[in-house]
Amino acid sequence: DGREFTDSSWKFINLLLNKVDRKIDSYLNKINKTQRKIDSGKYSDKKVNRYQMRIDNYSSKISQLNEIKSEVDRLEESSQMYNITKSNRLSTTTDDRSGSYYNTETEQFDVVWSGSNLGMLAHELKHAYQFETGALSSGLNFTGIPFYDQSDEWEAYRRGALLGGPT
C-alpha cells in the first residue's frame with residue numbers, strides 16, 4: 001500500500017526524520033553564518049579557505065542526512081514490510097545493542113532498537129535499506145543475534161554517527 005512500515009514503526013520513523021530535519025536546519029544556519037564571514041571581506045585568504053572547507057563539510061553532512069530521508073522513502077514505497085520495535089532484548093549489562101534481520105516467521109524485516117539513541121536507529125535502518133537494495137550480507141549467529149558483513153557495518157556506523165550514534 002506504499003506505507004510499508006508497520007503502523008507501530010511510524011512513531012520511531014517520525015522521531016528520526018524530525019531529528020534529521022533539525023540537523024539539516026542547524027547545518028544550514030552554520031553555512032549561512034560562515035558565508036557571512038567570508039562575504040564580510042575581513043579575513044585573509046587562508047582563513048577564507050578554512051571557512052570554505054567548513055561550508056563544504058556542512059554541505060556534505062546535509063547531503064548525507066538527505067540520504068537518510070531518501071532511503072526511508074524507498075523503504076516506505078517497498079512491498080517488503082519493515083517493523084521497528086523498541087526493546088533492550090539484544091543489550092547486555094555492559095552494552096546497549098540494537099539489531100536488524102529478516103524474520104522468516106513473519107516475513108518482515110525487523111529492526112530491534114534499544115531506544116537509547118537515534119543514531120542507532122539510523123544505523124539499523126541503513127541495514128534495512130541495504131536489505132531492500134540487495135546489498136546486505138547478514139544472518140543470525142548461534143545465539144540469535146544478527147551479524148553483518150564488515151563493509152555493511154562500516155556504512156551503518158557512518159550513518160549512525162551523523163546522529164550521534166557510536167562509531
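Biologist: In what order do the elements of the protein run from the N terminus on?

Modeller: They go α-α-β-β-β-α-β-β-α, with four helices and five strands in the protein. Helices (H or I, at least four residues) and strands (E, at least two) are DSSP runs, numbered from the N terminus. This is a predicted model, where local features need pLDDT of at least 70 and side-chain atom pairs count only at pLDDT 80 or more, while totals for chains, interfaces and linings use all residues. Residues are numbered from 1 along each chain as its sequence is written, and side-chain values use heavy atoms, leaving out hydrogens and water.

Biologist: What makes helix 1 roughly antiparallel to helix 2?

Modeller: Helix 1 (residues 10-40) and helix 2 (residues 45-76) pack at about 160 degrees, with axes 9 Å apart. Axes are lines fitted to C-alpha atoms, for helices over the stretch in contact, and angles run from 0 to 180 degrees between N-to-C directions. Under 35 degrees counts as roughly parallel, over 145 as roughly antiparallel, 65 to 115 as roughly perpendicular and the rest as oblique. So helix 1 is roughly antiparallel to helix 2.

Biologist: Which residue classes make up the contact of helix 1 with helix 2?

Modeller: That contact has 18 nonpolar, five polar and seven charged residues. Ala, Val, Leu, Ile, Met, Phe, Trp, Tyr, Cys and Pro count as nonpolar, Asp, Glu, Lys and Arg as charged, and the others, Gly among them, as polar.

Biologist: Why is helix 1 called roughly perpendicular to helix 3?

Modeller: Helix 1 and helix 3 pack at about 110 degrees, their axes 10 Å apart. That angle makes helix 1 roughly perpendicular to helix 3. Phe12, Ile13, Leu15, Leu16 and Lys19 in helix 1 meet Leu118, Leu121, Ala122 and Leu125 in helix 3, where contact means heavy atoms within 4.5 Å. By class, that is eight nonpolar, no polar and one charged.

Biologist: And why are helix 3 and helix 4 called oblique?

Modeller: The axes of helix 3 and helix 4 (residues 150-161) come within 7 Å and cross at roughly 140 degrees. Helix 3 and helix 4 are therefore oblique to each other. Among the residues in this contact are His123 and Lys126 in helix 3, and Glu155 and Arg159 in helix 4. The contact of helix 3 with helix 4 has three nonpolar, five polar and five charged residues.

Biologist: What lines the largest cavity?

Modeller: The lining is Leu16, Ile68, Glu71, Val72, Leu75, Ala122, Leu125, Lys126 and Arg159. Helix 2 gives the most, with four residues. The lining divides into six nonpolar, no polar and three charged residues.

Biologist: How do you know that it counts as a cavity?

Modeller: On a 1 Å grid over the protein atoms alone, a cavity is a set of points where a 1.4 Å probe fits but cannot get out, and lining residues have an atom within 4 Å of a point. The search of the whole structure finds one cavity of 30 Å³ or more, and the largest cavity holds about 60 Å³ of space. Grid points are joined across faces, edges and corners, and a volume is the space filled by probe spheres set on the points.

Methods: On a 1 Å grid over the protein atoms alone, a cavity is a set of points where a 1.4 Å probe fits but cannot get out, and a pocket is an open set with protein on both sides within 12 Å along at least five of seven lines; lining residues have an atom within 4 Å of a point.
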